[in-house]
Amino acid sequence: MNWKKELVSSFRSPDDLPQEFALSDVERSCFGKVRQKGLPFLVTAYYLSLTGTNRNDPIRIQSIPGIEELIEKPTEVTDPLDEEKYKVTGRLIHRYPDRVLFLTTDTCAMYCRHCFRRNFTGHKNGPAGMKEVKEASAYIAAHKEVREVIFSGGDPLMLETSLLEKYLYSFKNARQDIIFRIGTRIPVVLPSRIDNTLVSILSEFKPLFIMTQFNHPREITETSMGGTSLFIDAGIPVLNQAVLLRKVNDSVETLEALFTRLLFNRIKPYYLFQGDMAAGTSHLRVPLKKGLSLMKELRKRISGMAMPVYAVDLPGGGGKVPLTESYINGLTDKGWELKDAGGKTYLYPDEEE
Ligand SMILES: *Cc1c(COP(=O)(O)O)cnc(C)c1O
Ligand code: SF4
């Protein structure tokens, strides 16, 4: 089925959901309230087919709004990464010296209940106009320190392929030496979108990397891996940025299955993100302490290639920093005292500079 036709069959209201979801009246009423607060309900028929009806189902938690979303904690904010502060044009964010992030569109195929950019996503602003794209391209032409353009949103693969090509062309035209990244959840929620036309057009803009967001091993299906394989076979590397989510993937077994299956499918686990302080997402955040101990345990169990970097985007716009339990006890008279994954200590000699 053509992906546009498939989108027509997406689920948009509580009344669309099958009886088995057994929504209470209170739950039903929260769909409207959640929409008023910012993030609409929308889920593809494909993703819903993976969703169990139990309230604790890891796929359901990511896709069906719950009353918990109406709770806002005093520590939560609408723009958790202070992105407004780093905007250099209408939709271009320049926070790190050598890379910029472009908000291509605010539309997604599914609105993830944990989305940290919910102040922008799903607000019906649609794709960036060509004037905005040209402005952003001019910016990178003038700023030679920029090596990478990250297409984000929203979901860049929701753009018509021809429009996406225009965007890519504009940036490439401004700077032949640019590296592209496309951050997308399409492979997880609408794999039929990935077709040969899309892949062959993206291939023209190499080096180009696809960054997916698989959060649970059940999202790794024959269908979704069919989509990602098309990219990889065409020489477009695929990396994964997972989000650590309560009751979804906050166990060693789940993360182990997720990362090792991704690796088996040639997808490199790149980041595991600690939840951002986006309003209405506290029920999905995992305590940082638990995240650290999960990573420590994983380190013992799985291949280094399957290990992502556990990271947090510092509230207030500090950028991403890795979170890790230190394996360094400190420098003693005898040298550096280091620990192995099990906590046993070892000495590594200190060297003169
Ligand atoms: C995450 C992010 C990047 C990319 O960071 P990496 O650590 O290189 O993956 C770039 N710009 C912005 C604004 C970001 O939020
Ligand atoms: S796909 Fe990304 S931008 Fe869209 S709702 Fe999910 S997390 Fe947010």
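Here are some notes on this predicted model, point by point.

1. Some housekeeping: residues count from 1 along each chain as its sequence is written, chains are lettered from A and ligands numbered from 1 in the order written, and side-chain values use heavy atoms, with hydrogens and water left out. Since the model is predicted, local features need pLDDT of at least 70 and side-chain atom pairs count only at pLDDT 80 or more, while totals for chains, interfaces and linings use all residues.

2. Start with ligand 2. Around it you'll find Cys-108, Met-110, Tyr-111, Cys-112, Cys-115, Thr-121, Gly-154, Arg-185 and Gln-213 (a residue is near if one of its heavy atoms lies within 4 Å). That shell splits into five nonpolar, three polar and one charged; here Ala, Val, Leu, Ile, Met, Phe, Trp, Tyr, Cys and Pro count as nonpolar, Asp, Glu, Lys and Arg as charged, and the others, Gly among them, as polar.

3. Now look for Gly-154 from that shell. Gly-154 belongs to the loop between strand S4 (148-153) and helix H6 (161-174) (helices, H or I, of at least four residues and strands, E, of at least two are DSSP runs, numbered from the N terminus). Another cis bond joins Lys-206 to Pro-207, with omega near 0°, and Pro-207 is in the loop between helix H8 (196-203) and strand S6 (208-212).

4. Is Thr-184 buried or exposed? Thr-184 counts as buried because its relative accessibility is 4% (buried means under 20% relative accessible area, exposed over 50%, partly exposed in between, with a 1.4 Å probe and protein chains only). Thr-184 sits in the loop between strand S5 (179-183) and helix H7 (186-189). Leaving aside neighbours within four places in sequence, Thr-184 is in contact with Asp-155, Leu-157, Ile-210, Met-211, Thr-212 and Gln-213 (contact means heavy atoms within 4.5 Å).

5. The largest nonpolar core has 80 residues, and Phe-151, Leu-202, Phe-231 and Phe-259 have the most contacts inside it (such a core is a set of buried Ala, Val, Leu, Ile, Met, Phe, Trp, Tyr and Cys residues joined through side-chain atoms within 4.5 Å). Helix H10 (residues 252-264) gives the most to this core, with five residues. Not counting residues up to four places away in sequence, Phe-231 touches Leu-157, Leu-202 and Ile-210, among others.

6. Lys-247, in the loop between strand S7 (238-243) and H10, has a positive phi of about 65° although it is not a glycine. Arg-266, in the loop between H10 and strand S8 (268-273), also isn't a glycine, and its phi is near 70°. Arg-266 is partly exposed, at 43% relative accessible area.
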